[in-house]
Amino acid sequence: MKKESSRLASLDILRGFDLFLLVFFQPVLITTLGWKYDNALLYQFDHESWIGFRFWDLVMPLFLFMAGISMPFSLSKYKTIDDKRPVYRKIVKRFLLLFLFGMIVQGNLLGLDLNRIFLYNNTLQAIASGYLIAAMFYLHCSVRNQLVAVVLLLLVYWIPMTFMGDFSVEGNFAYKVDSMILGRFRGDDSYTWIWSSLTFGVTVMTGCFAGHVIRKDMDNRKKVVIRLFTIGIALVLIGLAWSFQMPIIKRIWTCSMTLFSSGLCFLLMAIFYYLIDYKGYHRGLDWLKIYGMNSIAAYLIGETINFRCVAHSVCYGLAQYMGEYYVGWLTFVNFLILFFILNYMYKNSIFLKV
């Protein structure tokens, strides 16, 4: 833990926006408050069951994308150094910690039951794998060769997915790989992880390209905005075109979904960069740094500690008056307590780093 130095403000606020959606404005809060899904806007605040893409499906790709944006800023000094052992140790340490945190959050590690431990089924572990892949290519390849690497990763993923299975829940190649390798240690849902690590790496690398664009033209921020928008629109169109052959399926992280979601991430980054770093607009947005500058802590605390029992211990008397809305109230207070904890950490410059 250390004090925070100067950072890319738009990235911190965008990360905070993503974390706020993830740990506060969740579908569970909407449903427990009694809001109905007959509204097209509210429909977007839940995950697509299989083929398709909703706004809520962008939360996880954006998380991976932003891990890549930081790479040109944090790892560039190591590219020209012959002895890369220090940076390798840093990368491996991050990989192992994120993987461990992922097992704590969704791997049931704290349950202390070997029969119910899941080895690989969490966003943090997807970031760990994607970051490891992208970091190796970033350190050893030029930008041009990184683009070649992205194409190769997509092709390696695409070939068996297209010719050795279909795009059904249990018929796709990625599901077969997870079932064969992880066996009973895989999660109980339709998400896939091992083969999908290839496209996790692509998502992080697209973020790395965004970071390269920002870092290269820091003195011409208008040019940065234009490039981010242009690349974003191009990736969205390529992803949509590819979806006619390989559907957009977030649960198995298809190539079309990877490029489509990365395009949306580019567009979001362009909007936030334009408002915050180019135009200098911060009003009403800086509070998101409370989440963004402590993203790992926000995710870990929000996903592992249930503050509803605290809320219930002092609010149980309201249950008789609130009826079915009482559960929504407990959920809201749960997230509110988390906000106060993160706000305290932010004001006291306490930042959990991996």
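**View 1. Buried residues of helix 4 in the predicted model.** Val-59, Met-60, Pro-61, Leu-62, Phe-63, Leu-64, Phe-65, Met-66, Ala-67, Gly-68 and Ile-69 are buried in helix 4. The helix spans residues 59-69 and is mostly covered, with 11 of its 11 residues buried. Its buried residues pack against helix 1 (9-23), helix 5 (71-74), helix 7 (123-140), helix 10 (197-216), helix 12 (255-278) and helix 14 (295-304).

**View 2. The largest nonpolar core.** This core holds 109 residues, and those that touch the most other members are Met-71, Leu-75, Leu-124, Met-161, Leu-228, Met-269 and Tyr-291. Helix 12 gives the most to the core, contributing 13 residues. Another core, of 5 residues, lies apart from it and includes Ala-311, Tyr-326, Leu-330 and Val-333.

**View 3. Surroundings of Leu-75.** When neighbours within four places in sequence are left aside, Leu-75 is in contact with Val-87, Tyr-131, Ala-135, Tyr-138 and Leu-139.

**View 4. Packing of helix 10 and helix 11.** The axes of helix 10 and helix 11 (residues 221-242) are 9 Å apart, and the two helices pack at an angle of about 160 degrees. Because of this angle, helix 10 is roughly antiparallel to helix 11. The crossing of helix 10 past helix 11 is right-handed. On helix 10 the contact is made by Ala-210, Val-213, Ile-214 and Lys-216, and on helix 11 by Val-224, Arg-227, Leu-228 and Ile-231. By class, the contact of these helices comprises 6 nonpolar and 2 charged residues, with no polar residues.

Note on methods
Residues numbered from 1 in each chain as written. Predicted model: local features only at pLDDT ≥ 70, side-chain atom pairs only at ≥ 80, totals over all residues. Heavy atoms only, no water. Buried < 20%, exposed > 50% of the residue type's maximum accessible area, 1.4 Å probe, protein only. Helix = DSSP H or I, 4+ residues; strand = E, 2+ residues; numbered from the N terminus. Contact = heavy atoms within 4.5 Å. Core = buried A, V, L, I, M, F, W, Y, C linked by side-chain atoms within 4.5 Å. Axes fitted to C-alpha atoms, helices over the stretch in contact; angles between N-to-C directions. Parallel < 35°, antiparallel > 145°, perpendicular 65-115°, else oblique. Left-handed = near helix turned anticlockwise from the far one by under 90°. Nonpolar A, V, L, I, M, F, W, Y, C, P; charged D, E, K, R; others polar.
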